[in-house]
Amino acid sequence: MFLTVLIFSPLVLALIVGLVPKSWVRPTALVLSLIHFAFSLLLFKHFDPSTAHLQLVERAAWIPTLGIQYFVGIDGISFWLVLLSTFLMPATVLISWTAITDRSRFFYINLFLLLSASLGTFLAMDAILFYVFFESSLIPMYFLIGAWGGPRRLYATLKFFIYTMSGSLLMLLAIIALIFMTQQQLGTLSASILDFYKLSLPFVGGQFISTQTLMFFAFCLAFAIKVPMFPVHTWLPDAHTEAPTAGSVVLAAVMLKMGTYGFMRFALPIFPEAAHYYSCLFMVLAVIGIIYGALVAMVQPDFKRLVAYSSVSHMGYVMLGLFAFNIYGTTGGLYQMLNHGISTGALFILIGMIYEKTHSREIKSYGGLAKRAPLYAIGFIIVTFSSIAVPLTNGFVGEFLILLGGFQAHKILGGFAVLGVILGAIYMLWMVLRIFFGEEGPLMVKHKGENLDMNLREILILIPFVVLIFWMGIFPNHFLSYSKASLDHFVNDINNYELQIEP
Amino acid sequence: MQISFDWVDFLIMSPVIALVVAGVVPLLIKVVNGNKESSSFVPYGFGLVGVFAAAALTLGNWGIEKAAFDGAVAFDHLSAIACLLILAATAAGLTFLRENPATHRRQFSETVFLMLNASAGMIIFAWADDLIMTFIGLELMSLCLYVLIALSEEEQFSKEASFKYFILGSFASAVLLYGISFIYGSSGTTSLVELRELGPTLISTNRMFLTGVVLLFSGLLFKIAVFPFHAWTPDVYQGSPTPVTTYMSAGVKVATVFLILRFMSLDTLTSERAFPFVDALQWLAVLTILVGNIGALRQKSMKRMLAYSSVGHSGYVMIGLIAAGIGGQTLVGATGAVYYVFSYTIMTIGAFGFLSLLEKHADHEIYLDDLKGLGRKRPVFAGMMAILLFSFAGLPPTVGFFGKFLVLSAAIKQGLIWLAFWGVVGAAISVYYYLRPIVAMYMEEEVVQNSTETSLRPISQFVVSLAALMVIGFGIASETFFQTFFKSILDLFS
């Protein structure tokens, strides 16, 4: 029952938030999200990190006519992503505390719905159940961007929705085809991912119109749009820039991970031959994404947009790691997913804080902010270090492992990826320089005498992020030990990957 | 030939009889009262009584399997399902009619009479096991609809729509009749039971028979607005009073799809000679999906938009029907088609009912801009429409998603991958225009302050809310419906 309660309790919480008196909405949402996060921490007790088996499994027939089950379970790959989602929820509620005043009830309901859909996506072990959660996560995000976003929110939200939805429709076709194949090969109709792993799909190298290759690309398109990989990344900067702070945080930290998680859960283990055959293509795209994202980020005048493009670059690392097909790359890829969630999430939170006070995101109009907001500057710089992978921060561990894996897989591409690290340092530090140091910009003059530094609420939001940044940077084993068994299994047995269910 | 009828035959036809009787009563009351319209509640009440009686009788007959009246109509589980869907559309249509400003006053007794008779026609149409009965059902349904469309207080578009539908509809009926005559001429029978024996051989030996089938299909495809017979849809849907649009867009589609399904069960299309025809049908399905969904992109009027979207949905039903026609014993296609019209009926009732509720006077037509700010003024009500639109767009876990899922599954199962591909392309396009009303309701501010008077129409609101809840509830519980539909189809196809 544990996972079911974890997935569906946010729906009940959303209902509670929908019913309490108006002035209670914010505190209720905060308390409930904290309770839910605390509840999710029980996973440490229930989860056994020593095995790669699927744990806490719950199965029930849902639509037996088509082999669809209600089937949820957790393993080392999804473990941290689940905790990341629940961890971010209280932070997103707190950061919206004063920023969202219009229709706040509906806002928090959307956040809870989104939480439920994300948890379902990470825990579903039935392909159709996964698809249901994967798609329904679009709806609350669509409202978050469209109803509380910036001036170009309608354009951004429609683009986001149509992009991601059209990508996943082809995946639906591939899932249906796989379901019918389970009937041919295994004898029973089943949409369970574990049964998909058992299928043997004919693969002809170099021939695009062949079963495995077509299905592989159908899945890849859906997930690559979500990640997003170059060249299907163009929805991301718009969505990130226009979304309200809480929306940007969840989008960056959780929704992008659905894409990379999809690669790890579906595209690579179900279609191993195709994935190996085309790994070079994906590594090249990943490296292009790393460098292109960094270069475009460098010239952005709007610092939220800058961070959005840095996401493209960071997610490129994750993809590079995953397609390196060795233990360093894969471990680094998973770790980088979490790092990106923490550091980019924190960056968006920080941007939201200052935007709320100055109503400007133009880098040019800042300058000399460090003097006016010293605490804020310290927080921002720590997060920046994490983002550009300075040693002792979490980013370093992830990027280092990925580059190690990348070099092992392909020397030249690994070399280009290192270029991205340098570029990343340049654009982030240059932004910090222009915002926090130097002459006082027009904004500082305009807001003379006002307090631009963080207040207690904002400090409280940031502390857990800073703690995690160092904790994950100094003791990566505390985190990786939970995923190690699963990742070893993933890398060693990728060619005939199977998941056992914990008895 | 000895003609004798069993009492079971009358029992089977009792839903139709109940509808006609219930329709005549308000008319008689009006005549007795000296041609004065009583309160609209009386005809409405009789209408509902008729509909519920018919539904109860159908449920009572559930399980009977018989070709009644010497094989004129076939009653089985599938017929019962068709009848219940048509009755649902009728009940919703009646409710909206009584509470819509364009229709609630004028000649309401006649309106109820016509609607119940149209339903009787639809039921006969869906049950017909003989091509002559098909034609009778079709004409009864269509003639009532022509008048119903024109019976609006709106003076211009409704008359134009009625006339347009009449001219084109008569032409389509003529083509259908022509097709029937070809089939009769080449096979010597109009009974579908006998055609089941003759069809598979005739279609590969007799060109006349094939021509007849093609003409018959042309007539039928006109009714469900498949490209290139779809051109009337936007104008007629827009011009008709919204309650009538609700009713006909759901009812006619249900009746026609069930009839085509019955025809597909004849196994005529599995023979090699029919392949070009099946190919043509596939092309029509693809073009229908594309024309409908692309046409809807630029519509400003909500009714026109939903009209084009209904053309698109016909394309998806076609995918299911084609898979059913060539699939033989694999019944995913047929189940998909039935589930699709089932989901379409619920969504249509909800969406058009929503528009009907917003109309403030007879000439009032809802444009996209009229929805602006509705999410702020009436969040729950707008939320209902949002759910319906998400279902139309095929987002899980709604009935719309499972409809598309089944239909696409059927296509893949039959190896019609490219058909499934175009279905997916159409779905991706459709997302844009289904999201626009939601954008208007929740994300845009009202430009001009509308007059805030919102008239109270409780029953219509109840129906729309019910539809929205069903969209999600029936989606999650779709297994029950799959099973029911699947078993019903098993009877027909085995």
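How many residues sit between E1(A) and E2(A) in their hairpin, and which residue in the turn has a positive phi?

Reply: The hairpin of E1(A) and E2(A) has 4 residues between its strands, and Gly67(A) in the turn has a positive phi of about 70°. This is a predicted model, where local features need pLDDT of at least 70, side-chain atom pairs need 80 or more, and totals for chains, interfaces and linings use all residues. Residues count from 1 along each chain as written, and chains are lettered from A, ligands numbered from 1, in written order.

E1 (residues 55-63) and E2 (residues 68-74) of chain A run antiparallel, joined over 6 bridges (pairing takes at least two DSSP bridges; strands are DSSP E runs of at least two residues, helices H or I runs of at least four, numbered from the N terminus). Across from Gln55(A) you'll find Ile74(A) of E2(A).

Now for some helices. In chain A, H19 (residues 394-409) and H20 (residues 411-436) pack at about 155°, axes 7 Å apart (axes are fitted to C-alpha atoms over the stretch in contact; angles run 0 to 180 degrees between N-to-C directions). H19(A) and H20(A) are therefore roughly antiparallel (over 145 degrees; under 35 is roughly parallel, 65 to 115 roughly perpendicular, the rest oblique). H19(A) brings Glu399(A), Leu403(A), Gly406(A) and Phe407(A) to the contact, while the residues from H20(A) include Lys411(A), Leu413(A) and Val421(A) (contact: backbone-placed C-beta atoms within 7 Å).

Terms used: Contact = placed C-beta atoms within 7 Å.
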